[in-house]
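Thanks for coming. Please look at the model on the screen while I go through it.

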Amino acid sequence: MTLPFEISFSAVFKEIGAYLMSVLLTLFSFAAEPQEGYAPLDADSLQAQFSVISDAHIEINPAERGVIRFEALRESLLDMSRACVPNDALVMAGDNTENGQQFEYLALYNGLAWFNKADHLLIA
């Protein structure tokens, strides 16, 4: 019996391995204690400090997931603001809203106005 498609066993094992690694990393992330702040190893030679985030998927809807996504963005921006050396820039690398609607961008920009402490903002 022949299948109408090819099965690559190495690709299947890679997918299974990636899945198992993500499960393990997720489990270990719950055990990690949050840090109050972080500092560069050599602050005197630091030329620029920036953070890059993506896939915020801010969504305004009656379901809870839009609220959860906004809370995740808020928490990440607050975490960045606790750094010993403040960010010079925040880069948002796409998928910032779920549907690209005006009120989603309004929520995104209001959140950034309230919680972003970086001097510059680059949004892709």
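This is a predicted model: local features need pLDDT of at least 70, side-chain atom pairs count only at pLDDT 80 or more; totals for chains, interfaces and linings use all residues.

Residues are numbered from 1 along each chain as its sequence is written, and side-chain values use heavy atoms, with hydrogens and water left out.

The sheet is open, with 3 strands in the order β1-β2-β3 and parallel pairing. Strands here are DSSP E runs of at least two residues, and helices are H or I runs of at least four, numbered from the N terminus; two strands pair if DSSP finds at least two bridges between them. β1 (50–53) and β3 are the edge strands with a single partner each, so one side of each has no neighbour in the sheet. Between β1 and β2 (residues 89–92) there are 4 bridges, and F50 sits opposite A89 in β2.

Next, the salt bridges, meaning a side-chain nitrogen of Lys or Arg within 4 Å of a carboxyl oxygen of Asp or Glu. The structure has 3. Why are R74 and E71 separated by about one helical turn? Because they are 3 residues apart in helix α2 (residues 64–81). D79 pairs with R82, with the closest N and O atoms 3.9 Å apart.
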